[in-house]
Amino acid sequence: MKNLLEIQDLTVRFHTEDGTVNAVNHVDLRLEDGMTLGVVGETGAGKTTLAKSIMRIIPHPPGKIEGGKIIYGDRDLLEMDDTEIRSVRGKEISMIFQDPMSALNPVIPVGEQIAEVISIHENLDKKQAYERACAMLEMVGIPAFRAHEYPHQFSGGMKQRVVIAIALACSPRILIADEPTTALDVTIQAQVLEMMRDLKEKFGTSILMITHDLGVVAQMCQKVAIMYAGEIVESGTVYDIFDRTAHPYTEGLLGAIPKVHLQERRLRPIDGLMPDPMELPAGCAFCERCKYAQERCSAEHPPMVLLEGEHYVRCFRAEQGREEDKA
Amino acid sequence: MSDANAPLLEVRRLKKYFDTPAGPLQAVDDVSFSIGAGETLGVVGESGCGKTTLGRTILRLQEPTDGQILFHGDDITKYSKRQLKALRSKMQIIFQDPYSSLNPRQTVAQAIAAPLVLQGIVRKGDKEGLEKKVLEMMDRVGLARRFVNTYPHELDGGRRQRIGIARALALDPEFIVCDEPVSALDVSIQAQILNLMQDLQEELGLTYLFITHDLSVVKHLSTRIVVMYLGQVVESADPEELFRNPRHPYTQALLSAIPVPSPDVKMERVKLKGEITSPVNMGQGCRFAGRCAYACPECSQAQTEETIGEGHTVRCCRQGNLSQNE
C-alpha cells in the first residue's frame, strides 16, 4: 500500500523555564492511503504534540521540532515556508480538535466559519463558498437553514459535526482527528464515528485518529500505533495489537479497561505512573512499571523490532523470543 | 437497623425541579429505588439525564421538591440542620473532578483532617491524634506517607482522587455517593482506583451509589443498575440481565453504542434519532418517544414502571415487547 504520509525520526521538545520536556522522541509512523491509523496513549504520551507537528502548529517558543522529516507526497512538510504550509493546512491535511466547544468562534455564525476555509483554498466567490458551506452542513446531518446560527445554539454533538464540516470542506487527503468524540456522550459518539466512517468512504480520506479509547480504535482503525512517553512502543494492524499483543504496556492497557463483552471479577491496573518527560530514563521508558523488567531494561534503550508482517514492538522480550525461535 | 433485610437506603418518588423562566426543569422526576447494605447501585445515563442531581439530592446537598429518602428506614427529608450534620458522617460523597474538588491551598494532611475536626471526631488541638488518623487514612487508600505535606497541584489525578476517597472515608461512613469518580482519569489509573474502591467496599462493608456515564465501568462494579433518561428511571435490572436482555429502546441504543475493545466483535448499532431534548416542560408522555424507533400512539400517555421479570423493571408502554414496527 502506498504511504500517504510518512513521519521519520520526529523529535519535538519544549524548552521551558523548568527544563526541557521531551514530548516526542524519534517517532516513525506511516499513514497509508485510505487507511485509518489509530494513535493510542494516555495523557502526556505526546499524541497531540505529534498531531500538531504534522500541521506545524506547535507553539514556538517554547516548542521546537528538533529533528526528523514529515514526508507528504514528495515534499517534507518541515521544510516548507509559511505560505506553502498554509496551502496544505485545511486543504490537503486538516485537523479536528478534541473540544468542539472551544474550537469554534462563538461570535461568527457556523455557516460563515465553514465558508471561510472554502474561500481561502478554492477559487470561489463569497456566495458560492457559502452555498458549499450549506451543502457541507447537510452532509454532516445539520439542516442548511441553521447555517446562520451561532455555535452556542448547537448541542455538543452538533458542534463537533460543524467542526468536521470545516475540516472536510476542501476534501482533504488526510484528516487528523484528535480525540474527536471524547467530549461527547456515548450515543452521540456512535453517531459521529459512524458519520466519519461514511465520509471517509465517500471522499477516500485517510484518517489519523488520536485517542485513548481502545474501544474506538477497535471499531474504527485498521492500523494502530501505541505511544508511551513520547515514543511508539508497538505498532501493527488492529489484529496484531488486540490479538497478538506484544508490548507489556499494550498488555497493561488492555487489562486495565473494563470490558462489556467479557465477565471479569477484577481489573488488572498498571502500577505506577508514566515517567516525567523532563527526566526520561536511560533505558526503556516503561521498565519501572513493567512486570517482566530485567536488568538490561533499565540500562539500555530497546530498539523497535519487527515481529511479523508489519507488527513492530520496542521490547527486549520480543527480541529474545525471536532469537529463541531461530535457535 | 432492626430488620436485617431492610434496605440501607430507600428513595421513594423523589423529585427535584428547578425553576427556569421557561417553566420547571424536571431534573429528577419520580425516581424510586432501594439499596441494600454492602451493595452497589449503578446509575447510568448521558449528560443532562439528572444523575448528578439525583446523587446530590439524596445527600440533601440540594433540597428535594417532593418524595422521601429513607436511610435505615428514617425519612431524612424531614431532618433538621443539626440532625443533618450528624448524618453527614454516615453519608459521604466522592466528586468527579479531583482537580476542582480539592482546596488548592490545603495540604493533603489538612484536606483529610478537615472533616475529622468539623465533625468533632478529633479535637482541633490534638495534633498527634490528627496525624495518626490522617496517616491511617492515607495508608488505607494507598497514598504514600511522603505526600502528607504536599499540595494537590503537585499530585497527578489518580493520587488526587485518592485524597478525595480518604476524605470521604475519614468519617467512617456507611453510604457513599460516587459521582463519576474515575471519568477524569486515564485508563491505567482508573483501574487502580476502581480496584481500591472494590477492596474498601469489601473491607468496610460500604454501600455505594455509583453514578457514571461509562457502561463498562458500571457493569463491572454494580449489583444493580438503573438507567436514567431525562430525569426518570427507564429501566432497572441486575447487570447480567440488563446487558443480556435490555428491554427499553433507550437502554438498547445505549448498550449498542459502546465501542467494544475488540476488532473481532463488530458493533450492530441500534440507531437513535436526534439528541437528548431539554428537560423543561416535558408533559405527560414518554420522554424518549421523539427519538424512539418503536414509538406508538400510547407513548403520549404517562408511562409507569412495570416489573417484567425478576428484579427487572421497565418504563415503557410496550413493556419490552418490541417486535412490531421494526
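A crossing is called left-handed if the near helix is turned anticlockwise from the far one by less than a right angle, and right-handed if clockwise. Helices here are DSSP runs (H or I, at least four residues), numbered from the N terminus.

This is a predicted model, where local features need pLDDT of at least 70 and side-chain atom pairs pLDDT 80 or more, while totals for chains, interfaces and linings use all residues. Residues are numbered from 1 along each chain as its sequence is written, chains are lettered from A in the order written, and side-chain values use heavy atoms, without hydrogens and water.

Select residues 156-168 of chain A, helix H6, and then residues 186-203 of chain A, helix H7. Their axes (lines fitted to C-alpha atoms over the stretch in contact) come within 10 Å and cross at roughly 15 degrees. That makes H6(A) roughly parallel to H7(A) (angles under 35 degrees). The crossing is right-handed.

Now show side chains. On H6(A), Gly157(A), Arg161(A), Ile164(A) and Leu168(A) are in contact (heavy atoms within 4.5 Å) with H7(A) residues including Ile188(A), Met195(A) and Leu199(A).

Next, bring in chain B. There, 42 residues touch 42 residues of chain A. The two chains bury about 3800 Å² between them, 54% of it on carbon and sulfur atoms; that is accessible area (1.4 Å probe) lost on being put together, summed over both. In chain B, pick Pro261(B), Pro263(B) and Glu275(B), which lose the most area to chain A.

Last stop: which side chains meet in a salt bridge? Zoom in on Asp199(B) and Arg266(A), at 2.9 Å, N to O (the cut-off is a side-chain nitrogen of Lys or Arg within 4 Å of a carboxyl oxygen of Asp or Glu).

Definitions and conventions
Axes fitted to C-alpha atoms, helices over the stretch in contact; angles between N-to-C directions. Helix = DSSP H or I, 4+ residues; strand = E, 2+ residues; numbered from the N terminus. Parallel < 35°, antiparallel > 145°, perpendicular 65-115°, else oblique.
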